Each structure stands twice: as structure tokens, then as C-alpha cells.
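Please consult the sequence and structure shown here while reading.

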Amino acid sequence: MWGRVVEIMTAVWLAISPWIFGVSDQPQLVWSDMLIALAIATCSGLSYWRPTRGAHLVILLISVGLIAWGRLSGTPPIAAHQNHIVIGLFLLMIALIPNEASRPPEPWRFETTAKV
């Protein structure tokens, strides 16, 4: 589940990045970053619940949207849009990590035979 924790930390970074990059005077950028960060954190959090354990895969769509937004925005390339591209690429990698990536493979988990 460490991948989900990294996604939540990335969502926090996205939420505070408008102030870091000095674009907090653009309310539409601030609100969109906040809503996207909330969507990422929600999908990551839902992955902890067994019935919705695949919810983190929605982050793949969100990350493609972030990359497209950063790349195709009509404004000159500002650091905030470059940040969207980097976050989108990073989330593409992290969202593919399965929930149980740090556990051993299923056949290795419950060995019932005792070795003598």
C-alpha cells in the first residue's frame, strides 16, 4: 500500500504548489489544483477499502489529464504547468503499482508443509 501513500503525498504537493510557484493570484489554477488533488487523494484512499481496491487506477486518467493540461495550455510555459506535467508522469508510474506490492507473491504467503 506504499504506492497509495505516495499518491496521497503527491496530492498534497499538488494542492500547495500554486503557493510554492507563486501563481496563487490565479484563482482558477488554485481551485483546479485543489480539486484534482482532492480527486487523487480520494481515489488513493478508496484503494484501502477492499470493495474499491482498484480505485487508484482512476488516477491513470487524472494523470493523463494533468499531462495534457500542462502541455496544451494556451498560456506561456510557467512553472505550475511544468509541475502538472511532472506530477502527471510521476502518477502514471505510481498508479500502476499494485496495492500489495510490498507483500510476497500469493503462493509464498501460506506455506503449510513443515520442512524437517
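Leaving aside neighbours within four places in sequence, Ala37 is in contact (heavy atoms within 4.5 Å) with Ala11, Leu14 and Ala15. The model is predicted: local features need pLDDT of at least 70, side-chain atom pairs count only at pLDDT 80 or more, and totals for chains, interfaces and linings use all residues. Residues are numbered from 1 along each chain as its sequence is written, and side-chain values use heavy atoms, with hydrogens and water left out.

Ala37 lies in helix H2; helices here are DSSP runs (H or I, at least four residues), numbered from the N terminus. Ala37 has a relative accessible area of 4% and is therefore buried, where buried means under 20% relative accessible area, exposed over 50% and partly exposed in between, with a 1.4 Å probe and protein chains only. The C-alpha atoms of Ala37 and Ile8 are separated by 8.3 Å, although these residues are 29 residues apart along the chain.

**Helix H2 and its packing**

H2 has 20 residues and reaches 28 Å from its first C-alpha to its last. This is close to the 28 Å expected at 1.5 Å a residue, the expected span being 1.5 Å times one less than the number of residues. The buried residues of H2 are Leu29, Val30, Ser32, Asp33, Ala37, Ile40, Cys43 and Ser44. They pack against H1, H3 and H4.

Two packed helices are described by the angle between their axes and the distance between the axes. For helix H2 (residues 27–46) and helix H4 (residues 79–95), the axes come within 13 Å and cross at roughly 10°. H2 is therefore roughly parallel to H4, a class that covers angles under 35 degrees. Axes are lines fitted to C-alpha atoms, for helices over the stretch in contact, and angles run from 0 to 180 degrees between N-to-C directions. H2 contributes Leu29, Asp33 and Ile40 to the contact, while H4 contributes Ala80, His81, His84 and Leu91. By class, the residues of this contact are four nonpolar, two polar and one charged; Ala, Val, Leu, Ile, Met, Phe, Trp, Tyr, Cys and Pro count as nonpolar, Asp, Glu, Lys and Arg as charged, and the others, Gly among them, as polar.

**The largest nonpolar core**

The largest nonpolar core has 12 residues in all: Ala11, Leu14, Ala15, Ala37, Ile40, Cys43, Ile59, Ile62, Leu66, Ile87, Leu91 and Ala95. Such a core is a set of buried Ala, Val, Leu, Ile, Met, Phe, Trp, Tyr and Cys residues joined through side-chain atoms within 4.5 Å. Helix H1 (2–20), H2, helix H3 (58–72) and H4 are the elements that give two or more residues to this core. Not counting residues up to four places away in sequence, Leu66 touches Leu14, Ile36, Ile40, His84, Ile85, Ile87, Gly88 and Leu91.

Ser17 is found in helix H1. Its relative accessible area is 2%, so Ser17 is buried. Leaving aside neighbours within four places in sequence, Ser17 is in contact with Asp33 and Asn83.

Val23 lies in the loop between H1 and H2 and is buried, with a relative accessible area of 8%. Beyond four places in sequence, Val23 touches Pro18, Leu29, Val30, Ile78 and Ala80.

The loop between H4 and helix H5 (106–109) holds Ser102. Ser102 counts as exposed because its relative accessibility is 56%. Not counting residues up to four places away in sequence, Ser102 touches Met1 and Trp2. Pro105 also lies in the loop between H4 and H5, and at 40% relative accessibility Pro105 counts as partly exposed.

| Pair | Separation in sequence | C-alpha distance |
|---|---|---|
| Val23 and Ile78 | 55 residues | 9.1 Å |
| Ser102 and Met1 | 101 residues | 7.4 Å |
| Pro105 and Leu60 | 45 residues | 24 Å |

Methods. Angles under 35 degrees count as roughly parallel, over 145 as roughly antiparallel, 65 to 115 as roughly perpendicular and the rest as oblique.
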